[in-house]
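Please look over the following structure with its side-chain interactions in mind. The notes below are grouped by topic.

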Amino acid sequence: MDPKAFQELNKAGGAESVLEDCAEPAQPGLNTRANRMQLTSEKLPEDPLYTSLFQDAARNYSLLQWTKDKTDRYSHANLVDQALQLLKERIVRGDAMAYFLRGQLYFEEGWYEEALEQFEEIKDHDHQAIYQLGVMYYDGLGTAVKAEKGVEYMKKIVDSPCPKARHLQFAAAYNLGRAYYEGKGINRSIEDAERLWLFAADNGNPKASVKAQSMLGLYYSTKEPKELEKDTEAALYCLREAAERGNVYAQGNLVEYYYNMKFFTKCVAFSKRVADYDEEQDIPTIAQVTDCLPEFISRGMAMASFYHARCLQLGLGTTKDEATAKQYYSKACRLDPALADELHSLLIHQRI
């Protein structure tokens, strides 16, 4: 919606009227946000052995410029050609790791069919290739979606006793939990999804899966109040862990959690910090650093903006300020109209 339209709506009917034109009305009583949680695969975790090879190659061939020099297509193409030549030479010399590195280069360049072929060739003796195949078959990268096959490969990683697979197991457990949650490639089981995400989150281990930590927090926080007796601490812990690691969607949900638990002082302070991220400059930067989709960053900021506006409107945990509240309501609607409309629906049904 055009910002001028927001201003006119604000003048006409106050903060609530700003939200009435955001999107189609949500159905009361349904947690539509929980129903539309879109999950994405966890990226391949870094292995120090492979990372050192890339760094060594970079000193000679500027390989690290692959991701930094996208503006100069000719230069980028040359760098890729040099990298492929280097890897070919290593393969000729019998360097087993070079096979995976070539497949990973194909993958990062978006040449998924070539990557799939390379990973398939080495899957019997390379756990990272198995992991990537699991992601590619599940998400349909370089092939038709074959969710059952993707699940099979992720199970191999999760169940592997090999030390070389250890750095992959948290991410694989998250992906397998995703499959159970979505009921894709395997029978749907929320219990198994929760079990795998708990393993993947590993009590907040920084090297574990931040996506698992985020999803656990979101999963627990979307339960009805009567179901939260045993899960309140778990939800708060998981949301905090993910929020502290920069996941803005988790930060937005943590704001909502504070509001629902009536921790209004915490809600006001934290929601302002998240709501005040710059829409144009901060979202792309955060997406790059945290591997979170921009749409989810916008959603987290919209949630924080809405609840900050509500606290300002009602004077909860802060001084009442209806004029500033209108600005934050407008920002919430601008960032994510559908979410703002959903929250407004809850507001008019006196659930917020």
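Glu120 counts as partly exposed at 21% relative accessibility, where buried means under 20% relative accessible area, exposed over 50% and partly exposed in between (1.4 Å probe, protein chains only). Glu120 forms a salt bridge with Lys123, with 2.8 Å between the closest N and O atoms; the term requires a side-chain nitrogen of Lys or Arg within 4 Å of a carboxyl oxygen of Asp or Glu. Lys123 is partly exposed as well, with a relative accessible area of 24%.

This is a predicted model, in which local features need pLDDT of at least 70 and side-chain atom pairs count only at pLDDT 80 or more, while totals for chains, interfaces and linings use all residues. Residues are numbered from 1 along each chain as its sequence is written, and side-chain values use heavy atoms, with hydrogens and water left out.

**Salt bridges**
- The structure holds 9 salt bridges.
- Asp192 and Arg195 meet in one of them, at 3.2 Å from N to O.
- Both residues lie in helix 10 (residues 190–201), 3 residues apart, about one turn of the helix; helices (H or I, at least four residues) and strands (E, at least two) are DSSP runs, numbered from the N terminus.
- Asp192 is partly exposed at 23%, and Arg195 is partly exposed at 45%.
- Lys272 and Asp276 form a salt bridge at 2.6 Å, N to O; Lys272 is partly exposed with a relative accessible area of 40%, and Asp276 is partly exposed with 36%.

**Aromatic pairs and charges over rings**
- There are 14 aromatic pairs, counted for rings of Phe, Tyr and Trp (its six-membered ring) with centres within 6.5 Å; planes under 30 degrees apart are stacked, over 60 edge-to-face and the rest tilted.
- Tyr106 and Trp111 make a tilted pair, 6.0 Å centre to centre with 45° between the planes; Tyr106 is buried at 16%, whereas Trp111 is partly exposed at 34%.
- Tyr137 and Tyr153 are stacked, 5.9 Å centre to centre with 20° between the planes.
- Tyr137 belongs to helix 7 (residues 127–139) and Tyr153 to helix 8 (residues 147–159), so this pair ties together parts 16 residues apart in sequence.
- Tyr137 is buried at 4%, and Tyr153 is buried at 3%.
- Tyr259, Phe264, Phe306, Tyr307 and Tyr329 are linked into a cluster by ring pairs.
- Lys266 lies over the face of Phe263, 5.8 Å from the ring centre; the rule asks for NZ of Lys or CZ of Arg within 6 Å of the ring centre and within 35 degrees of the ring normal.
- Arg299 has its charged end over the ring of Phe296, 4.9 Å from the centre.

**Cysteines**
- The count of disulfides is 0, a disulfide being a pair of cysteine sulfur atoms within 2.5 Å.
- Cys267 is in no disulfide, and its nearest cysteine sulfur, that of Cys311, is 4.0 Å away.
- Cys267 is buried at 0% relative accessibility.

**Chain and Ser298**
- The chain has 18 helices and 0 strands, and 52% of its 352 residues count as buried.
- Ser298 lies in helix 16 (residues 294–314) and is buried at 14%.
- Leaving aside neighbours within four places in sequence, Ser298 is in contact with Ile283 and Leu335, contact meaning heavy atoms within 4.5 Å.
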